[in-house]
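Please look through the model below with attention to its charged side chains, its helices and its surface. The paragraphs that follow take these topics in turn.

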Amino acid sequence: MLNFINSLACIPALWPSTWLLDTHGLRPGILCAALGTVAAGLLRWLSFLAPTPAGKVAMLGVGSFSAGLFGPFALEASTKAAAHWFSGNGRLTANAVMSIGAPLGVAAGQFLGPLIVNEDPNNIDLFNFVIFAFTVFCFGGAFLVFNNPSRPPSASASQEKVKYGEGWRQIIWNRHFWIAVTVGGTAIATPSTMSTFSSNYLKPYGYSEDLAGNLGITLFGGGIASAIALSRILDYTKAHITVMKILAFTLLIGVILFYVACVHLNAVWLLYCGCVVIGMGAIPNLAITLELCVESTFPIAEATSTGILYLFSQIFTVVMIALSNALIDSDGKPWKSLVMLITFNGITCVAAALYNTPNRRIELEKKKVNEL
């Protein structure tokens with residue numbers, strides 16, 4: 001439920017977060033994100049002071065909503081920071097490293113949560129304190145962020161951007177941008193939904209809660225490693241479009257493997273394989289589609305396209321979570337929910353196959369190099 005609230009909160013954050021980043025730069029956006037995240041963590045921790053269980057749930061809900069409201073200010077900054085601080089031979093790697101912060105946080109939470117709580121509800125407050133302490137620790141780093149380096153790292157970084165309002169008008173009619181949004185949104189929403197429902201998917205078929213946590217760590221761990229490796233390769237080959245399509249299909253295969261292992265074969269080893277494949281298909285494609293959103297809309301400022309992708313990823317997540325709840329059988333079996341995820345990813349594969357447009361930013365940089 002709290003994850004659902006967090007996803008909903010990202011929706012009203014779209015305009016203020018993209019406007020602040022694209023009109024005033026990285027520094028104010030990151031400071032806003034850091035301050036809001038600390039406040040959200042504090043609210044969640046102080047929920048132990050609530051006099052009633054209902055009051056505690058309300059404070060946890062407000063804290064989760066606040067985290068979702070300020071999270072986009074940081075999430076949308078990754079593409080902008082990569083564009084303004086890194087050259088074309090390091091941009092995707094930088095974006096990948098920054099964008100995996102969210103899945104890395106999810107993986108850390110899935111690892112530390114059971115370890116700290118240890119099946120004792122009284123330890124939940126301790127877990128919330130650990131989260132709050134970590135947000136305070138990270139807050140100081142926000143002051144080290146600046147808008148631009150003294151010298152632009154690439155020709156595209158020095159290019160004047162389209163004004164904020166005009167950028168929105170141009171994006172609405174850009175078909176290839178919306179395909180990239182669909183692929184990237186699905187790449188975020190699928191593992192997010194599976195992480196939220198991991199126990200619901202597995203326990204009705206006799207699997208343990210511990211296995212659900214281990215599978216989540218496997219999914220995000222495999223995805224993070226492959227994201228970093230692929231981004232280094234793509235920074236030099238520039239094969240973003242081809243790899244985006246392959247990874248969309250990889251994600252579909254991973255979800256099918258998970259479904260077959262969970263519902264039909266009762267094979268733990270295949271569940272792990274499915275989660276590794278899901279991670280490898282989803283998490284690297286986040287950074288790739290973030291870059292393609294900028295490539296297909298350049299010279300529109302980066303936070304606008306990034307913000308729209310993250311917005312639709314949250315909408316997809318909300319829809320997937322709602323459908324997962326609605327499709328669970330009366331006996332608690334979630335096989336229809338997994339079929340829904342397969343269908344969603346199948347449609348995304350078809351959309352990915354239709355993406356075919358020049359990488360405007362990369363082409364500009366090649367042209368400038370040839371003119372020298």
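In this predicted model, the side chains of glutamate 295 and arginine 91 meet in a salt bridge, with N and O 4.0 Å apart, where a salt bridge is a side-chain nitrogen of Lys or Arg within 4 Å of a carboxyl oxygen of Asp or Glu. Because glutamate 295 lies in helix α14 and arginine 91 in helix α6, the pair ties together parts that are 204 residues apart in sequence. Glutamate 295 and arginine 91 are buried, a word that here means under 20% relative accessible area, with exposed meaning over 50% and partly exposed in between (1.4 Å probe, protein chains only). Arginine 91 also forms a salt bridge with glutamate 365, at 2.7 Å from N to O. This second pair links helix α6 with helix α17 (residues 360–371), across 274 residues, and glutamate 365 is buried, as is arginine 91. Arg91, Glu291, Glu295, Arg361 and Glu365 are linked in a network of salt bridges.

Helices are DSSP runs of H or I with at least four residues, and they are numbered from the N terminus. Helix α14 (residues 268–297) reaches 43 Å from its first C-alpha to its last, close to the 44 Å expected, the expected span being 1.5 Å times one less than the number of residues. A kink of about 35° is centred on leucine 286 in α14; the bend at a residue is the angle between axes fitted to the seven residues ending there and the seven starting there. Of the 30 residues in α14, 23 are buried.

In helix α12 (residues 209–237), arginine 232 forms a salt bridge with aspartate 235, three residues along the helix. Arginine 232 counts as partly exposed because its relative accessibility is 35%, whereas aspartate 235, at 1%, counts as buried.

On the surface, Trp85, Phe86, Met98 and Phe146 form a nonpolar patch with about 380 Å² of accessible area together. Such patches are made of residues with over 30% relative accessible area and no salt bridge, like charges being joined within 9 Å and nonpolar side chains (Val, Leu, Ile, Met, Phe, Trp, Tyr) within 5 Å. Methionine 98, in helix α6 (residues 91–99), is partly exposed at 34%.

Residues are numbered from 1 along each chain as its sequence is written, and side-chain values use heavy atoms, without hydrogens and water. Local features need pLDDT of at least 70, and side-chain atom pairs count only at pLDDT 80 or more, while totals for chains, interfaces and linings use all residues.

Methods: Accessible areas come from the Shrake-Rupley method with a 1.4 Å probe; for residues, only the protein chains shown count as cover. Helices (H or I, at least four residues) and strands (E, at least two) are DSSP runs, numbered from the N terminus.
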